[in-house]
Structure formats: structure tokens, C-alpha cells
Amino acid sequence: MNALKKSFFVVLGVALGLFISQLSLIARLDDHVLLQAQNTAIRDGPRNRDGLNPCSNRHRQLWPSQPLPPPLNASLRYRHLSKELAPRRLVLVGVVTAHRFLDTRARGIYRTWGKDVTLDVLFFTGTSRVSDGASATELPVVSLAGVDDDQYPPQRKVFAMLRHMFEHHIDTYDFFMRADDDVYVKSDGLRVLLQSVNPAQDIYMGSPGFGRERDQDRIRLGRAGVDRYCMGGPGVIFSRSALRRLGPHLNECLSNVVVSYNEDVEVGRCVHRVLNVQCTWAWETLWLFWTDYNSTLTTDKLYASEEVKFALTLHPIKDPSVMVQVHLYLQQLRVQSLLGEAAAVQSELVRTARHLPAKANRFGNRDWLWYRAGLNPQSRHALVTWGYFNSSVLFSTCSRFSVSNLPLSHVAGVNMALEVLLSAMEADGCGPFSPPYRLDEGFVAQDPSSGVSYMLAVTLQKTHPSPRAVRYVARVFLPLLGPGLAHYQLATEPLGTLLHVVVAVAQGDHLDRFLRIYYQVCLKRKTATHLHLVFLNNATRSSTLEELIQSYSKSVTCYHADELSIMDATSLVAKSLSDHTQLLLMRPDLAFTSEFLDHCRLNTIRGKQVFFPVPFSLYTTAKYLAIPNHTPSSGDAGFFLHHSYEVACVYTSDYLAYAGPLTQTKLQLVDQLVSSNLYVMRALEPYLFRPFEYGRCSKLDGQRKKDCIIAQVEAIGSRHLLASLVATSYQLDWI
């Protein structure tokens, strides 16, 4: 019995050992070895001589590497279909560089377009005679033996690089590209181009060159203006078929056929001699392979040149920092294009959802998407303040810029928002539109946790049914992840809404000035407004008011609420109006323009959004420096009152729903609105401003007088302006 037990445990141990060994064997099988085992029977050649993927993360080191062992079991079944079929990689890009440029130009490429997953990039250097301390060890570098690293033009280096590609990677890739270390390659455009051509044909693609007239005798191409080569700077592409036929003859061309030291000319001569093929000749190649041999590419050229948007390669870019800026700019253009496509899909989704039952339709209301995908603070202190911009100035919460100094992120973001808007409008059948597209003004809010929101007023040129200019107001949200959302309407619709201006008057100090402004902006221009004056604490009515009431009795209404608070008095006015009435809760010490009234109408949406503008306070020096009383152009004109919540634009129904008996101040009203389902839009408003004034502190006492004096001193002028006045011996006797 004991012998039987011993035999049983021996057999069990052997079986477990065999099972564990099989598991370890399978775990050691490399994906590349498996692919090589299968591809031997279904492809036209081995993967490569050493079985490596040259740009995998496991092999980012100096080349060549140690070859992997042969496949242990070629009959193993693959888990994924993509591994079984294992198509060839699209393109291998060989970058000609030198050891002294590995930490600068090469690293700039590797960290920008070289990171694209659709490209495999190798950096080719020669053998450096002096160790220069290059530390770019993460780069996939091929050190070409016997090639002088400092020779220029790099003729031997280019021929050796092509020879290396032929010997090690000819069966792994469909196309091979030779590139300089000062070129930018748009991987997405290159992929689209190469997928449209056949790698089995002999293709020698690039920007055609004939040589300068004074060099014809030296380079001896043959027929002037007929025989051509591909210029090396912007990049040269070979198909697999072309390099397979050219590879065995590269050494012969370098040894026996070289006429000049121009490496791109000699490569073209070798291709013509062996393949009887010349560089591509289509007009399209002139802007696909973009180059400027007179100067290097700068950011000014980048933003001003339309050719940059359509080129596949950009050359030359000597500065790695410019390479990064080019990459960021082109990535923004790519995001802009993708958001436009996503907006078109979103519009199609909304249009299709109209055929669903009401309960099943989650996508038919674009407003639902906008207000729940955007910025939703949970308290008044978390409100995101919107900046304001127009055709001449941008006001942000941190600084002010002129149009010429607008940051690239703002310009690119507005362009993205316009692309999303135009795509959505054309998908909805509102177009077609023709250039130019005029952006009149807008608001912008940035929230790092969600994205960027825009409120835009744009003028578009409609071409059907009759050419005319149409003004739209649009809300566009560009989230950090996912497509942009757009909602729009004709700007003329909300601008015609009757606006009821409610002003609570506790003291008559500013009422006469307010009435003069109201007359100039509203009554004289016959705008759609109605003024409601609520007199508190036995405030007196001036002669100016009495004259105004007699002349415009249908446009001005007065109330007396001596025992009520400001909020209760405002509720008294709101209850006398219909739920669809739009209110502007105003302070009598503020001035405004017609542009502010338009913003109040546009930024208030019943049941969805209320608007709290941030007014602008003018410095006292504005009077003496002839700074206008609106549209401040610099920080020397004044500052925004970020603590102010006194002015609000809201519909009557929304106001009465949250201004209850416990809501006695505007701050309490803001807290109620933020915690509701309404979106509170708080934005800088340069067309709503507090005029300069001083001398009122004498009527106060105690701490109020002290605070008033401090505020008066702070309102004299900016530090920059006061320092400039003192430096120029300006007389400040008026202070």
C-alpha cells in the first residue's frame, strides 16, 4: 500500500512539473517570434533578420541588438486575430543626424511627431571621433560603423542608412522615409497619402529638384529641366519594391557613380540608373513637401502661412523649441478638425433622435447637453468668471491683452469654437455660408476640470436663398475629452426682447445722473426697455425725474416701498409682471451702454441661465487723461469689481422661485441660484461701469468713513500710471 502511495505521488509530481514547464514556455514566447513563425508561410519573406520591431519600447537602444531565439512552437494558436494576420508596418522614418544633435534636434523630434504610434523612427549617426557627452539614451539610435559623423553633406551616411534599412527592415515595412533632423512630419497626413499608393510599385517620392543653373556643370544631371531628383531636406519616400531593387546597388553607386557631393542628387542618380525612375513630378508635391531654403521656419511664418496647414513636411526647423511650438499648433488644428467632425455627428444624432419616442429620446435637446456638460459650480465661491473679448481687446480674470498680443491658446480656441459652430449649423441645414466670417464679440470661461466655454456673437454671409449677412449668437463648449457641443439662434431674436430695468433708490445722490444716462441710451434711441423705480426710506423724487415721467409716462413706473428691503421691493415689482418678463436688477450709481443691454438679453435664458455681470470701475485719473467712460483699453483706465453681485439679469419666474422670504440680500440670492438647476453665468462686463467720484466720505462717520477713504485712495489710479505721472512731474493738485 505504501509503495502504491509513493508511485502515485511520483506520477503526480511529474505531471505537475510538465504542466508548469509548459506554462513557462508559453509565457516566454515573444509576440514578434510568434508573428515570424506564422508569417513565414503566408508572407513573402521573413519579418527581418533579427526578428525585432525596431521601435518597440523594449529595444530603444543602440543598434543592432541581440537576435531573439527562433520560435519554439509555430503551431500555437493565436488568441487575437490581429496577431494572426500581422500586417506590415506602414512606414519607417530614418532621421539623418549626428551625435552632437541627439540632445537637441533629435530629442525635439522624438518628443513631438516621433511619438506617433503610426510611425517608427530611427535616428542614424556616424561614428563620432570625440565623445561629446550626448545623453539621449532613450532614443532609438543606429550608429553606422565606418561613417564619419561630422561629414557634410552626409553622403556616406545617407547611403549607409538606406543600406541598413534594406538589410534589416525590408520585409517589415511598406514604405521607407529619409528625413533630416530639422524637419517636421505630419504623421496623420503622411498615413493618408501612403495608404493611397501601392508599395509593390517602384515609388520615389518627394519634392522634385533640378539643381541651380550655376551648378548644372558640376552635378551633371543630364537633360536640364527634365532629369530630376528628390530634394533631401523636406524628406524622401521609397516604396518597399523600390528599396528592394535599389538596395543591392547602393555600394556600387557610392563607389563608382558619384559625381558631386550633394547626397540627394546622387541618390536620385542611383535611383534613375537602377530603377529608371525619377522623382515624382505632380504639382501637389510642391506644397506637400514644404521647404524654405532661404531661412528657417519661425513662429511668425508658422501662423501667417496657409501652406503650413496643408503640407506633410515642414523644413527647416533648426530650433527644438520652435519644433515644439509647431507641434502644439498643428495638434490644435487637428483637434479643431476633429471637433468639427464630432459636431456634425452630434447634429446628425439630434436630428435622427427626433423620430424616437419622447421618453426614449436622450439626445434630441442640445440644451440638455450644453448645460450638463459645461461648468457647474456648487457654491458662489466656486463660480468661474467669464472673460470678455471683441475685435480689439480681450479682458480676462488675470490680465488684459490687445489683439496683437492675444495668446495662441485663445486664438486657436476661438477658431475651434467657430469650426464646431459652422459644422453644426451646416449639418442642421442653416447654411451654406461663405467667407468672411466675422466674430463681433464673445465671452470665454476656462475650467481646468471640464473644458472651455464660449458665448459668441458672429456675423455670417448666407448664400441661399439670397446673399445676406446674418448675425447669430452661439454657445459652444469644448470639453477636455469628447466632442464639442454647440447651440445657436438668431441674435436679432433676443435683442428685441423687452427688458424691464428695476432700480431701488434709497438715496437720491446718483439718481439724476442715472436718469440722464438712461435717457441717452434707452429713451432717446427708443430701445425695448421699461424703467421701474422703487423708492425706499422716504427717498425724494427730483425735478429731473418728474420731467422724465411727464415726457415718457408709458416707459417709466414709480413705486414707493418705504418699509420694505431692496429684495422685497424688487419682488413687489416682479410679481406685477408676467413670468416671461426679463428683468435687469440695476444700481443707480452705475452707468451703462446699449451693448450691455444686449449682453443682458443674450446671456439670460428662462429656466436655464441667469447673468451676473462684473462691472468696471474707472480710476479718478480717467477724467484728466481723456480716457472714455466705457470700453477701457488698458489697466490704467480702472479695475473690475469682482466682489459685486448687485446687478443681475434674470427672468421673473426664475427670480420669484428663489427670492423667498429668507432671501434678504443679493448674495443670498446668488447662493440660492447656484444651488438650483440654473446655470449662473458671471462675466466681466466693460460696458457696465462705475464713473469716478470722490468727496462723498465726509458724509459718513466711524469705520464706514475710514473704509470710504481707503476706497477713494485705491480709486485714484493704477500704480503704473501714478509712477509714470510722478516720473514726468505731472501736477497732482486735483487730488
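Begin by selecting helix 18 (residues 511-523) together with helix 19 (residues 543-551), whose axes come within 9 Å of each other and cross at roughly 25°. Since angles under 35 degrees count as roughly parallel, helix 18 is therefore roughly parallel to helix 19 in this predicted model. To see the contact itself, show the side chains of Leu 511, Asp 512, Leu 515, Tyr 519 and Leu 523 on helix 18, and those of Thr 544, Leu 545 and Leu 548 on helix 19. Sorted by class, this contact of helix 18 with helix 19 has six nonpolar residues, one polar residue and one charged residue.

Turn next to the salt bridges, of which the count comes to 19. Select Arg 178 and Asp 180, whose side chains meet at 2.6 Å, N to O; Asp 180 is buried with a relative accessible area of 16%, and Arg 178 is buried as well, with a value of 3%.

From there, move to Asp 182 and Lys 318, a salt bridge at 2.7 Å, N to O. This pair links distant parts of the chain, 136 residues apart, with Asp 182 in the loop between strand 4 (173-180) and strand 5 (184-185), and Lys 318 in the loop between strand 11 (313-315) and helix 14 (320-353). Here Asp 182 is buried, with a relative accessible area of 3%, whereas Lys 318 is partly exposed, at 39%.

Now select Arg 587 and Asp 589, which form a salt bridge at 2.5 Å, N to O, and both of which are buried. Finish with Arg 438, Asp 440, Glu 441 and Arg 471, which salt bridges with shared partners join into one network.

Terms used
Residues numbered from 1 in each chain as written. Predicted model: local features only at pLDDT ≥ 70, side-chain atom pairs only at ≥ 80, totals over all residues. Heavy atoms only, no water. Axes fitted to C-alpha atoms, helices over the stretch in contact; angles between N-to-C directions. Helix = DSSP H or I, 4+ residues; strand = E, 2+ residues; numbered from the N terminus. Parallel < 35°, antiparallel > 145°, perpendicular 65-115°, else oblique. Contact = heavy atoms within 4.5 Å. Nonpolar A, V, L, I, M, F, W, Y, C, P; charged D, E, K, R; others polar. Salt bridge = Lys/Arg side-chain N within 4 Å of Asp/Glu carboxyl O. Buried < 20%, exposed > 50% of the residue type's maximum accessible area, 1.4 Å probe, protein only.
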